Amino acid sequence: MSSVTFETTLGNITVELDHENAPIGAANFLKYAEDGFFNGTIFHRIIPGFMVQGGGMLPGMEQKPTGEPIQNEADNGLKNVRGSLSYARTMDPHSATTQFFMNLVDNDFLDHTGKDMQGWGYAVFGRITDGLDVIDEMAKVDTTSRRGHQDVPVDDIVIENTRVESTQSS
């Protein structure tokens, strides 16, 4: 079991990674977290009543270079419910790298329904264990368009530090 705490400019968010049901996604996220990749990145897309997204952009909407994309595990049975942690991706179902989103509400339309372009869904690989109030506060900030992106917070919400805690189960 492992958890990651993001110390953000709005408060701390702790997520527990689901290594059992999402081994590829959890391991990928944990590696980036351990390497300090998320430090200095911003929550760059916030849509009230939907989700908050981060994990790949620096202030000024500059995309941070990432490693290779991972296999989509959205068929793992985990659901995009309030507080779940999922991978953002492009139209290609297997394009996730570092960007993630945290669901503000139950978003069942993002769940896996089939192994085709429309049905792949968005892979859940963890859940918020502390800090739901922080993402709720994020949902209240003013947003704008910046460098071709919509729903960007007017004032940057920065991940200042990332702490990783691993516990071995006996």
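Helices here are DSSP runs of H or I with at least four residues, strands are runs of E with at least two, and both are numbered from the N terminus. This is a predicted model, where local features need pLDDT of at least 70, side-chain atom pairs count only at pLDDT 80 or more, and totals for chains, interfaces and linings use all residues. Residues are numbered from 1 along each chain as its sequence is written, and side-chain values use heavy atoms, with hydrogens and water left out.

**Helix 1**
- Helix 1 covers residues 23-34, and its 12 residues reach 16 Å from first C-alpha to last.
- G25, A26, N28, F29, L30, Y32 and A33 are its buried residues (under 20% relative accessible area, with a 1.4 Å probe and protein chains only).
- Their cover includes strand 1 (2-8), strand 2 (11-17) and strand 6 (84-87).

**S84**
- S84 sits in strand 6 and counts as buried because its relative accessibility is 3%.
- A polar atom of the S84 side chain lies 2.7 Å from the backbone oxygen of V81.
- Beyond neighbours within four places in sequence, S84 is in contact (heavy atoms within 4.5 Å) with residues including K79, F101 and R127.

**The cavity lining**
- Residues lining the largest cavity include G25, Y87 and R89 (lining residues have an atom within 4 Å of a point on a 1 Å grid where a 1.4 Å probe fits but cannot get out).

Note on methods
On a 1 Å grid over the protein atoms alone, a cavity is a set of points where a 1.4 Å probe fits but cannot get out, and a pocket is an open set with protein on both sides within 12 Å along at least five of seven lines; lining residues have an atom within 4 Å of a point. The expected span of a helix is 1.5 Å times one less than its number of residues. Buried means under 20% relative accessible area, exposed over 50%, partly exposed in between (1.4 Å probe, protein chains only). A polar contact is a pair of N or O atoms within 3.5 Å; within protein, one must be able to donate a hydrogen and the other to accept it, and residues adjacent in sequence count only if both atoms are side-chain atoms.
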